[in-house]
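Let's take a walk through this fold together. Have a look at the picture below, and then we'll go through it piece by piece.

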Amino acid sequence: MRNRRMKLTAALLTAALTCGMLAGCQGTGEGGNNQKGEAGGEKSGKTKIAFIPQLVGIPYFSAMEEGGERAAKDLGVEYLYTGATQANAAEQVKIMDSLIKQGVDAISLSVLDSSSTNPYIEKAQEAGIHVYTADSDAPDSTREFYVAQASDEDLGRTLMDRLAAQIGEKGKVGIVSGESTATNLNTWISFMQKQQEEKYPDIEIVDIRYTQGGSSEQALKQAQELMTRYPDLKGLIAVASSTVPGVAQAVEQEGKTGEVAVIGYGSPETVKPFIDSGVMEESIMWDAEALGYLDVWAGVQVVEGKEFQEVNEVEGLENPVTWNEETKTLLLGDPLIINKDNVDDYDF
């Protein structure tokens, strides 16, 4: 738990200890009068916004956590960030169930497997808790809305465009992704495939490999196997940020730097060593800290019964945020291209 003032009421201490039972749970803000949530858990007078990432301990989600904490401080709410150390849908379900029992006001989650979490989204809503998605969506669920980093189409098509430019718009390409059930990763891949089919007939996506929990070690092995099976491979795409190091290291170890292009959705800190060494030219990304801020801001809006506007000026963010009523999507902005010129400008 975050440090709090020395003077806390006994009831708030009880709530804080309850929060502390969740692995990685963190709260911000100070105490207030206690009240019972509809789910039966003790809760302070401050609004509680929870976020469940796909996993903790990587720069990307740590940056989202920092953004969420900044928003919580600005908006005067309590922020709970809690997840497992590996991407695991079963662990997300356990954490959701615990948050429901605590009686938080809103839960957002980066969905790994919608078939697992959808029933718990409904369970939370039945308990009077607002539930929405962030970073990875579950459009087949009853979630209220989706806080998106950039449009899935832009992310997929942009990556394929950038890779095509690096390999001269021709050659064999392999994909190494995270969990096979991750909605966001699969959607990005589908738009990569569409862009390739529509614009790059001389590029062939030869295989898509998946890793359990987005394991970097498994990504390394999968990338090695792809290069062995296709010795004339021209490009490798690391779809999850956690798979980027494994894919890049595989190319380094095989001595194919400059021969096999590597691109993916890696955070600046993740890709910097590989951009510096020449293994990667670019990474497709967005401002993860800003996404974390938007995630908490959105939760506060819905808890307070406020509606999103078509264009939203969010104090604490540099650029306006757009709202798509049809898809129920709050969009942070356009994809960000990370390269040698700007990789040092970010700290996540």
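Which residue in β14 does Val311 stand opposite? Look across to Thr322: that's the residue facing Val311. Keep in mind that what you're looking at is a predicted model.

Those two belong to a pair of strands, β13 and β14, the latter covering residues 321-324. The two strands run antiparallel, and two bridges join them.

Now zoom out to the whole sheet. Eight strands make it up, and it is an open sheet with mixed pairing.

Next, the helices. Helix α2, residues 59-75, packs on the sheet and touches β3 (48-52) and β4. Compare directions, and you get about 165° between α2 and β4. Helix α3, residues 89-102, packs on the sheet too, touching β3, β4 and β5 (106-109). Its direction makes about 170° with that of β3.

Let's finish inside β5, where you'll find Ser108. Is Ser108 buried or exposed? Its relative accessibility is 0%, so Ser108 counts as buried. Who are its contacts? Leaving out residues up to four places away in sequence, Ser108 touches Ala50, Phe51, Ile52, Tyr132 and Asp295. With Asp295 there's also a polar contact, side chain to side chain, at 2.9 Å.

Terms used: Residues numbered from 1 in each chain as written. Predicted model: local features only at pLDDT ≥ 70, side-chain atom pairs only at ≥ 80, totals over all residues. Heavy atoms only, no water. Pairing = 2+ DSSP bridges. Helix = DSSP H or I, 4+ residues; strand = E, 2+ residues; numbered from the N terminus. Contact = heavy atoms within 4.5 Å. Axes fitted to C-alpha atoms, helices over the stretch in contact; angles between N-to-C directions. Buried < 20%, exposed > 50% of the residue type's maximum accessible area, 1.4 Å probe, protein only. Polar contact = N/O pair within 3.5 Å; in protein donor to acceptor, adjacent residues only side chain to side chain.
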